[in-house]
Amino acid sequence: MKKLFQIITISLFSISVFSQKIERIEPENWWIGMKYNTITLLIYGKDISDLQPSISYSGVEVLTTETVENKNYLFLTLKITSLAKPGTVTIDFLKNNKKVITKNFPLLEREAGSADRESFTQKDAIYLIVPDRFANGDPKNDRFSFLNEKVIDRTDENKRHGGDIQGIINHLDYIKSLGFTQIWNTPLTENNEPNYSYHGYAATDFYTIDPRFGTNADFKKLAQEAKKRNIGIIWDAVLNHCGAEYYFVKDLPEKNWLNCTDTKMRTNHLKSTITDIYATEIDKKEYTDGWFDGHMADLNQRNPLVAKYLIQNTLWWIEYAGLSGLREDTFSYTNKDFLAKWTKTILEEYPKMNIAGEEMSRNAAQTSYWQKDKINTDGYECYLPTLMDFSLNDNIVSALNRTESWFSTWRDVYQSVAQDYLFPHPADQMIFPDNHDLDRFYSRIDKNFAHWKLGIAMYMTMRGIPQFFYGTEVLMTNNKAGSDGQRRSDFYGGWKGDSKNAVNESGLTDEEKKAKNYFSKVLNWRKTNSAIRNGKFLHYAPQQNDVYVYFRYNDQQKVMVVLNKNTEDVSLDLNRYNEIIPNSIHVKDIISDKAFEINNTLTVPAKTAMILEVSSSL
């Protein structure tokens, strides 16, 4: 009987050990030679918290093993010293001093020059793509039975349409031909939500590309193919929230992994609570801790394990795919102390890395709070290099639509740019006529082609880093204002059988063809002019004649931009501009390709943008 009891006990122990299985180790690998060399692995599996990890690898030290409320999690902190060599670290998991599970953790060698990689600056132009709506390069990955949303329906603006990474790869030559040097894709990570999953902003696996877009290897291939064409890839990072179907939301490591776990309270969206000296703590908390949406769980970055997880994930993608920059979504919704730590850590590892933060405010004082080197009254310091300029966006649309005013209709644009004194680095702002969260530019200006050309000329010559939404070059529109699905409608020719094709121009109207030619001509010229790429900015107050004049200049080149919104030709007296140019000059108009001399007076045709390279004085 005693022997039978021993056999049963041993059998039960074997079943218990066998039932323990490690399903995830995140990150799955790391690199030698990183400044960020102390990493915390999130290890997930059924009832694994009683396992003891053991490592014997030269140059790798186990610092701590940490358990949390949920027995399905184990956190292992390793230090990868300068002695470590590339190879595979074997992690043995022991129970009662007996090895029960073994996992491999690769240590890789970094790409040469990785830490000193170049990023996007004023020299670049960014093409924004919503991958599901751009091009379907591989129809075989449209549906997967193991994912919650299985429907592909191009007639429904809220469903998945089937665009993917291969579709972007297929269009790289087209994107290059337009004059772009960077691509920003909206999130590509897995979004396994049951509905409305196409946009990617409710990630359910931060370490995996959504299979409907492709694989991690496909994304790396995109970055490599883009690099061959001198195009960088910007990663859309989401730090504030994740999808409600994320495994660590459905099986929380600990209750404070998320904010408002029980109530799922929605954010109040009051950005001003961060800077408001009168704001109450409850209002601040409701802003940063509230859920952005019911299916977007709010991550608690005050939890050090969450903070480490997010920082490591960003570093991992930069190193894995060879990224050239970051755009961070819903920036100020995230805990601001964490944001300072995250931005600082990224820049310590990659000193030239640019990060554009989405502070979706039209108030420049609110936006400038986050830029690096900003001296704030509360002493807060973030390290964010670039902000998205929503103020300029609104004011340009307003100026182009306004018909009558006591002052020039350009006045608000002039005053918007005049707010740059609030920014420590005013040229480091991302400027854009539209994006995936705004109605299409051509729709917002009532499909006025002359005004579209004025706006495009401004965005391609204004201070800042220009970003254009896919299809802007061929006048894509959305008929239903405020509809995200229509804003993100399918790119012309991205699907076999489309009646329109932006690449080969079949089905395009004459106006759409003219728009594409105008767009690509100016943008390709932009790459050749150092005054536009890195020069200073000087503008003149627009007068009642509805002409806005500004200059871009450096020691090598000088460009005069003249935007005439008037319905009639306007003559400008060059005496007004003596601060920057003489009365008589040689110029070349890059739009008309005409070179000519100006003596005292410049005649500007009605509803016309002139971009004049000033070659010399007479």
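Two strands pair if DSSP finds at least two bridges between them, and the strands themselves are DSSP runs of E with at least two residues, while helices are runs of H or I with at least four, all numbered from the N terminus. With that in hand, hello everyone, and let's walk through this model together.

A word on where the values come from. This is a predicted model, so local features need pLDDT of at least 70 and side-chain atom pairs count only at pLDDT 80 or more, while totals for chains, interfaces and linings use all residues. Residues are numbered from 1 along each chain as its sequence is written, and side-chain values use heavy atoms, with hydrogens and water left out.

Strand 25, residues 584-589, and strand 26, residues 594-599, run antiparallel and are joined by six bridges. Which residue of strand 26 is the bridge partner of His586? That is Glu597. Strands 25 and 26 make a hairpin with four residues between them, and in the turn Asp593 has a positive phi of about 65 degrees.

Next comes strand 27, residues 601-604. Four bridges pair it with strand 24, residues 570-573, again in the antiparallel sense. Asp573 stands opposite Thr601 of strand 27. Buried here means under 20% relative accessible area, with exposed being over 50% and partly exposed in between, using a 1.4 Å probe and protein chains only.

Now for two single residues. Gln182 is found in strand 10, residues 182-185. Why does Gln182 count as buried? Because its relative accessibility is 5%. Its side chain makes a polar contact of 2.6 Å with the side chain of Ser324. A polar contact is a pair of N or O atoms within 3.5 Å; within protein, one must be able to donate a hydrogen and the other to accept it, and residues adjacent in sequence count only if both atoms are side-chain atoms. Leaving aside neighbours within four places in sequence, Gln182 is in contact (heavy atoms within 4.5 Å) with residues including Phe120, Tyr127, Ile233 and Ser324.

The other residue is His161, in the loop between strand 9 (126-129) and helix 2 (165-170). His161 also counts as buried, because its relative accessibility is 4%. A polar contact of 3.4 Å joins its side chain to that of Arg133. Not counting residues up to four places away in sequence, His161 touches Arg133, Asp153, Asp490 and Trp495, among others.

On to the empty spaces. Rolling a probe the size of a water molecule over the atoms shows where empty space is left. On a 1 Å grid over the protein atoms alone, a cavity is a set of points where a 1.4 Å probe fits but cannot get out; a pocket is an open set with protein on both sides within 12 Å along at least five of seven lines; and lining residues have an atom within 4 Å of a point. Grid points are joined across faces, edges and corners, and a volume is the space filled by probe spheres set on the points.

How many cavities of 30 Å³ or more are there? The count comes to four.

Of its 29 lining residues, Glu111, Arg117, Lys227, Gly322 and Leu323 are the closest to the centre. Helix 4 (216-228), strand 13 and helix 7 are the elements that give two or more residues to this lining, and helix 4 gives the most, with four. The second largest pocket has a volume of about 500 Å³, and helix 6 (281-288) supplies the largest share of its lining, four residues.
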